[in-house]
Amino acid sequence: MTQLDAKPDATATFAVDPDHVLNFVGGAWIPSSSGQTRRNVNPADTDDLIGDFAESNTSDTVAAVDAAHAAQQAWDAIGPIERASVLTRAGRIIEDRLDEIAAAITREQGKRLSEAAGEVKRALAILEFTIGEARRINGETTPAEEPRTVVMTFRRPIGVVGLITPWNFPVAIPMWKVAPALIAGCTAVLKPSPLTPLSSALIVQAFHDAGVPSGVLNLIQGDREAGEALVDDPRVAGISFTGSLPVGQAINRAGAGRLMRTQLELGGKNALIVLADADLDEAVKAIVHGAFGQSGQRCSATSRVIVDRSVHDELLARLVPKVQAMKVGRGDQSWADIGPVVNDERQRACVDAIENAVAEGATVVVGGHAAELDTPGYFVEPTVLDDVAWDSTLAQEEVFGPVLSVITCDGYDDAMRISNSVKYGMSGTIFTQSPALMFQALQDFQAGMLHVNRPGVGAYSHLPHMGAKASQLGAPECSHDVWQFYTDLRSACIKY
């Protein structure tokens, strides 16, 4: 096949039924073969039932892999440039539907509407970057050892890939996996978090409306059984996973026996260092944004502030009023500064972490409790704890919520020691006016994404999203290096 078998329809209404989100397999929305469903509620108002969605089993996953496997050869034959043109149409459709998609994110994940819209825009920027890379999936030519011989390398898609994504960025993270997978010529089975089924479904619908052929992109809703079946299917050449360290380790072990390729983006326990010469006002702005933006539910969230003893009190004096002034509310309330966490399990984990930290000697200076609002939801007060020991549980383990540890240090060397003391290495940030220490920190941080005198979350859409240590395994995402995961390198010697 050299032409796409589906015509784009940028004006089509959503085929996704928001009251009953199905699987998308082989170009059609279908229920789980078991008929089982799972309820999806608004974390800011648990009386607001978003709907029921398919609870997939092994049979459903096998059917999705069947469809992807059958479609892969024809999709590969189209070539990356024409595939990129299809994804360009998908981007225009998503842009046209931005408000609807952002509203879905806010309703089922909880983040503020402005944050949700920002996520969709980031997804579009990542898509735009990846489309541009379609013309640069390059090999190289090298000298031959024989006369009249051409030697070159080139890349080929690895085949069917499984894409397992979390709930905290239910549009952006699927995008930065789906886009390179499809550009590379792979076909895909996307399994999003069961907490955010609608957001991912709307993205899959947009790709379908843009003309992605049947079977190229499939969606399986569900939890552990569906994911394990995807990892265990021998026709799946690779798994790209974003989520917790224990699950990532389990995926890596499960695929090791058959040498399945993995790309794992895992947890973080990120530090923001404030040295004695730092601009404290700018540091406070970055701390508030990094620790409490999106309710702290980011792998790159600022969860530790490591502050020089000489400016500790002054930093807290500026930070505490800012946090105290933050208003907790629903994501669709424009006045809210911070929304809910995603579910009751996450709320309980935040409260437990705070209580355990106090038992270990920490002091709550702001917040410290679940927040009560007019609507029943999973809210946590933005919380700052001082007197946190660098090796305490709170300082070492990821909380994934609006809970910030303040740790005192004595100078740069001590700050960097504390920063690197955790098993994770997602993000590292430093505030200082010293050019020498700025550049020294870039060498010393054991982390993948580094920041100086700016908020320590994420990066630009064209910079690699990656970690170090236990935060990352495999090729970085949002990068030209992503082809190391979705393609194989081949070499060829041609005698003429």
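## Ground rules

Helices here are DSSP runs (H or I, at least four residues), strands are DSSP runs too (E, at least two), and both are numbered from the N terminus. What you're looking at is a predicted model, where local features need pLDDT of at least 70, side-chain atom pairs count only at pLDDT 80 or more, and totals for chains, interfaces and linings use all residues. Residue numbers start from 1 along each chain as its sequence is written, and side-chain values use heavy atoms, leaving out hydrogens and water.

## The largest pocket

(A pocket is an open set of points on a 1 Å grid where a 1.4 Å probe fits, with protein on both sides within 12 Å along at least five of seven lines; lining residues have an atom within 4 Å of a point. The volume is the space filled by probe spheres set on the points.) There are 48 lining residues, and nearest the centre you'll find Trp 167, Asp 223, Phe 241, Ser 244 and Val 247. Two or more lining residues come from each of strand 4 (37-42), helix 7 (224-232), strand 11 (236-242), helix 8 (245-256) and helix 11 (344-359).

Helix 8 gives the largest share, 6 residues. Sorted by class, this lining has 23 nonpolar, 10 polar and 15 charged residues.

## The second largest pocket

Next up is a space of about 550 Å³, the second largest pocket. Its 27 lining residues include Phe 169, His 289, Gln 294, Arg 298 and Val 457, which lie nearest the centre. Helix 4 (113-133), helix 5 (172-184) and helix 9 (280-292) supply at least two lining residues each, with helix 4 giving the largest share, 5 residues.

## The nonpolar cores

The largest nonpolar core has 66 residues, and Leu 87, Val 161, Leu 182, Phe 207 and Tyr 486 touch the most other members. (A core is a set of buried Ala, Val, Leu, Ile, Met, Phe, Trp, Tyr and Cys residues joined through side-chain atoms within 4.5 Å; buried means under 20% relative accessible area with a 1.4 Å probe, protein chains only.) Helix 5 brings the largest share of this core, 10 residues. A second, separate core has 30 residues, among them Ala 283, Leu 319, Ile 338 and Phe 431.

Take a closer look at Tyr 486. Leaving aside residues up to four places away in sequence, Tyr 486 is in contact (heavy atoms within 4.5 Å) with residues including Arg 156, Pro 157, Ile 158, Val 161, Leu 163 and Lys 177. Also on its list are Ala 184, Cys 186, Ser 240 and Gln 263.

Definitions and conventions
Nonpolar A, V, L, I, M, F, W, Y, C, P; charged D, E, K, R; others polar. Buried < 20%, exposed > 50% of the residue type's maximum accessible area, 1.4 Å probe, protein only.
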